[in-house]
Number of protein chains: 2
Amino acid sequence: MSQYPPELNVPLSNQFIIPKNSDIGATLREDKESSCTYLCGNSLGLLSERSKGLVLEELRIWGSHGVVGHFSHPLDRPWTKCCDEVHPLLAELVGANEKEVVCMGTLTNNLHLMMDSFYKPTPERYKVLCEAKAFPSDQYAFTSQAAAHGLDPETTIIQVSPREGEYTLREEDILEILDKEGPTIALVIFSGIQYYTGQWFPMKSITKKAKEQGCVCGWDLAHAVGNVPLELHDWDVDFAVWCTYKYLNSGPGGIAGLFVHENWHKTERPKFAGWWGHELATRFEMPSKFSPIPGAQGFQQSNPCVLAVASLLGSLQVVKEAGMMPALRGRSLQLTTALESFLVKSKYFVPLDRVSNSTDFAKPGFTIITPTKHSARGAQLSLLFLPTGSGVMRKIFDALVKEGVIGDEREPDVIRLAPTPLYNTLKDCEHAAESLERAFSTL
Amino acid sequence: MSQYPPELNVPLSNQFIIPKNSDIGATLREDKESSCTYLCGNSLGLLSERSKGLVLEELRIWGSHGVVGHFSHPLDRPWTKCCDEVHPLLAELVGANEKEVVCMGTLTNNLHLMMDSFYKPTPERYKVLCEAKAFPSDQYAFTSQAAAHGLDPETTIIQVSPREGEYTLREEDILEILDKEGPTIALVIFSGIQYYTGQWFPMKSITKKAKEQGCVCGWDLAHAVGNVPLELHDWDVDFAVWCTYKYLNSGPGGIAGLFVHENWHKTERPKFAGWWGHELATRFEMPSKFSPIPGAQGFQQSNPCVLAVASLLGSLQVVKEAGMMPALRGRSLQLTTALESFLVKSKYFVPLDRVSNSTDFAKPGFTIITPTKHSARGAQLSLLFLPTGSGVMRKIFDALVKEGVIGDEREPDVIRLAPTPLYNTLKDCEHAAESLERAFSTL
Ligand SMILES: Cc1ncc(COP(=O)(O)O)c(C=O)c1O
Ligand SMILES: Cc1ncc(COP(=O)(O)O)c(C=O)c1O
């Protein structure tokens with residue numbers, strides 16, 4: 001490990017509460033009270049002391065002030081404006097100006113809200129271009145939106161698949177489809193980072209090509225926000241949606257976010273309005289005519305959950321203190337590279353090109369399907385277990401838990417491991433690789 | 001006060017944390033550390049010890065277990081099923097079977113979701129019948145839904161207004177419009193209890209007439225749920241939406257709920273699908289085909305906010321222990337009747353019929369615009385301050401705060417006072433009336 005800088009053994013922020021071996025079922029570990037090896041920030045980020053503190057504060061103020069907290073709040077965060085401190089931080093994280101972002105709702109709900117406004121099929125231009133095997137909720141959203149317009153999802157939704165024997169998409173294949181079918185495509189919508197493979201799509205070039213072809217371009221940033229640097233405004237992205245419970249550590253089911261590019265603020269008024277999107281200055285005069293806040297914040301429908309906002313704000317403050325994306329991404333690259341280098345040394349590791357060129361893997365092993373290029377991945381590595389469909393993944397996953405390693409499994413054959421720059425260390429990466437080795441040896 | 005049973009001076013549940021005079025700006029009170037007179041549960045319910053405890057528990061488990069809490073939860077509330085204990089309690093509160101209700105989203109968002117599915121205008125039947133001066137968010141929703149169908153809101157949305165000189169709607173007027181215009185009306189949607197006047201609409205008879213006329217009938221139960229007894233299933237209501245931060249004490253922006261009648265479960269599949277509406281048994285196998293949970297729960301789009309659900313569950317457990325709606329409503333009737341009887345004794349009180357028959361009120365005073373009939377109101381009384389438009393309301397409101405009385409103001413002339421059966425007492429009602437008297441005397 002001498003090749004790695006010693007700082008990699010100190011977390012970027014010590015603000016986080018890390019589950020202990022005893023709590024997560026690490027039966028093979030003797031150090032029951034030590035922190036487990038939590039490599040699952042891609043699924044549910046950990047609780048920061050700051051988030052906990054802010055949630056407790058809001059509970060206390062709800063108790064001490066009741067309804068008064070909406071307008072007069074002893075800590076100067078009146079609930080009518082409880083997202084005011086969140087918005088600039090979200091804007092910075094996604095590369096947007098403050099009017100382009102809003103903290104609201106939940107991811108799938110926001111995706112529908114954006115599609116309601118931005119997916120406007122015509123007889124000539126009606127298709128939705130997306131990745132094959134998008135996260136199921138997104139697939140259900142695309143399918144049901146197409147059906148709501150009376151379109152047949154089969155012919156409306158075009159899915160780009162990996163080539164035979166490959167696991168991730170090639171930029172040239174996506175661009176080629178856009179070149180060929182562009183004029184019939186109404187909406188291009190990919191995830192920033194693919195949840196299963198960990199591939200970071202070339203967002204800038206896809207967006208550029210989509211716009212050249214006259215398509216609207218949206219992104220599901222569930223696995224990208226807080227993980228990789230984003231420049232939504234400069235890339236000319238039309239809209240984006242995300243959740244905050246992964247790399248942004250807002251807690252299970254935390255409040256989500258969305259982005260609407262400035263280009264649209266004049267023309268694209270919120271299609272399905274609610275009072276929380278009405279300008280604050282007159283909102284409580286209860287006017288019957290809707291006058292939206294200009295920009296993304298006009299899309300708000302309801303007053304947001306204060307506990308959820310507080311939890312998110314706490315974590316964003318930690319992210320800010322840690323140095324935002326430059327610091328996070330810098331450390332993330334180092335950690336993920338280190339994890340990869342430990343894994344490829346395993347005697348059970350099979351290089352991806354060998355897996356692609358053969359179907360004959362009788363012996364248990366694994367490969368990594370996440371791209372190796374830094375520009376094509378974030379924190380996560382997706383390990384594919386061999387032989388596929390044999391149940392090796394499940395056995396290894398259970399063995400890893402006993403070793404105190406929390407990754408996350410995706411049926412049928414993948415375990416995702418994501419060293420998170422805020423709270424993971426080089427030691428976590430090393431321990432995960434060693435545990436994997438032991439897990440295989442007991443199969 | 002001898003006419004009132006002594007139990008009215010003991011709250012129905014001592015589970016609640018009541019703001020203190022010192023915290024809410026009650027500068028005229030010497031007993032700074034005593035509980036204030038909180039008559040604002042119609043706007044934001046108070047924090048129960050139980051809600052606080054459950055939120056703290058979930059924070060603790062997020063910290064100790066991270067992502068593991070989704071499936072394996074030390075207190076047996078795995079987050080994938082975190083609404084399982086909420087649903088039967090909500091069902092009982094609204095008079096539904098468990099499959100007809102779901103805890104999800106936010107009120108205005110749920111209203112849109114329901115209108116997406118249930119508002120299906122045709123050239124013959126396209127109108128929306130609602131009350132004049134519906135809560136603004138609902139007005140924005142109706143208007144934007146009409147516009148989304150290419151309809152002119154002016155001719156599409158029919159608002160029933162009070163008669164000249166009256167403040168609340170007459171049942172016969174609503175039924176008459178339904179009789180006359182029924183065949184052109186697609187959707188009848190009222191609030192269960194009107195937020196401004198406190199009128200409880202005759203839900204059963206409006207629903208019955210709407211259904212006879214072939215309309216769909218939906219309800220906004222923001223001010224009705226947890227306040228008055230509801231029988232949504234038996235009344236044959238098609239759908240209903242509500243928030244839980246008022247009489248259900250879930251905290252600012254708490255998670256909301258909705259109802260879809262069993263009649264629709266076979267035919268009305270969720271129009272805008274998300275993975276959380278997919279059957280739990282196969283949800284995490286990430287199938288590409290959406291297979292919804294039968295009933296209202298199939299409408300879920302995203303995983304719900306665990307902190308918000310915990311907070312709601314805590315309060316619902318208190319409501320359950322207190323005896324659900326029979327106990328709450330029984331006490332509520334007593335408290336509101338008592339408050340009314342104290343208020344009408346005021347020398348500043350003007351009977352409503354005198355206000356209606358004259359526009360000439362030079363002297364400051366007030367009337368009560370909420371119906372007196374028990375079957376036409378819930379906990380809330382709406383006080384209208386005279387002369388209207390003169391700013392008396394604002395002065396009285398500020399004076400009440402100084403006396404430690406928290407009601408809530410609605411511009412231009414109304415203060416709403418709602419004794420909440422769970423935590424208010426007869427003394428609160430008496431103190432509010434006395435404070436009002438003093439407030440007037442210092443004008
Ligand atoms: C009757 C009614 N409808 C709708 C709303 C809007 O609520 P939300 O912000 O939860 O969507 C409210 C809020 O107080 C309300 O009282
Ligand atoms: C890529 C992606 N999209 C959508 C979702 C759905 O999220 P939600 O339940 O917050 O709507 C997820 C959840 O993990 C996700 O990873």
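A residue is called buried when its relative accessible area is under 20%, exposed when over 50%, and partly exposed in between, as computed with a 1.4 Å probe on protein chains only. The structure described here is a predicted model, in which local features need pLDDT of at least 70 and side-chain atom pairs count only at pLDDT 80 or more, while totals for chains, interfaces and linings use all residues. Residues are numbered from 1 along each chain as its sequence is written, chains are lettered from A and ligands numbered from 1 in the order in which they are written, and side-chain values rest on heavy atoms, with hydrogens and water left out.

A disulfide is a covalent bond between the sulfur atoms of two cysteines. With a disulfide taken as a pair of cysteine sulfur atoms within 2.5 Å, the count over all chains is zero. C429(A) is buried because its relative accessibility is 0%, and its sulfur lies 13 Å from the closest cysteine sulfur, that of C36(A), which is too far for a bond. C130(A) is likewise buried, at a relative accessible area of 1%; the closest cysteine sulfur, in C217(A), is 12 Å away from its own, again too far for a bond.

In chain A, seven strands form an open sheet of mixed pairing in the order β2-β8-β7-β6-β5-β3-β4. Its edge strands, β2 (101–103) and β4 (157–160), each pair on one side only. Strand β3 (residues 127–131) runs parallel to β4(A) and is joined to it by four bridges; V128(A) stands opposite I157(A) in β4(A). Helix α7(A) packs on this sheet, touching β3, β4 and β5 (185–191) of chain A, and its direction makes about 170 degrees with that of β5(A). Here contact means heavy atoms within 4.5 Å, and angles run from 0 to 180 degrees between N-to-C directions, with axes fitted to C-alpha atoms, for helices over the stretch in contact.

Helix α7 (residues 171–181) of chain A also packs against helix α8 (residues 203–212) of chain A, at an angle of about 10 degrees and with the axes 9 Å apart. The two helices are therefore roughly parallel to each other, a label for angles under 35 degrees, whereas those over 145 are roughly antiparallel, 65 to 115 roughly perpendicular and the rest oblique. On the α7(A) side the contact is made by E171(A), I174(A), L175(A), L178(A) and D179(A), and on the α8(A) side by S205(A), I206(A), K209(A) and A210(A).

A further open sheet in chain A has four strands in the order β9-β10-β13-β12, with antiparallel pairing. Because β9 (365–368) and β12 (408–410) stand at the edges with a single partner strand each, one side of each is left without a neighbour in the sheet. The twist averages 30 degrees from one strand to the next. Three bridges join β12(A) to the antiparallel strand β13 (residues 414–417) of chain A, and D408(A) has R416(A) in β13(A) as its bridge partner.

In chain B, G378(B) lies in the loop between β9 (365–368) and β10 (381–386). G378(B) counts as buried because its relative accessibility is 5%. Beyond its neighbours within four places in sequence, its contacts include I193(B), N227(B) and R329(B).

Notes: Two strands pair if DSSP finds at least two bridges between them.
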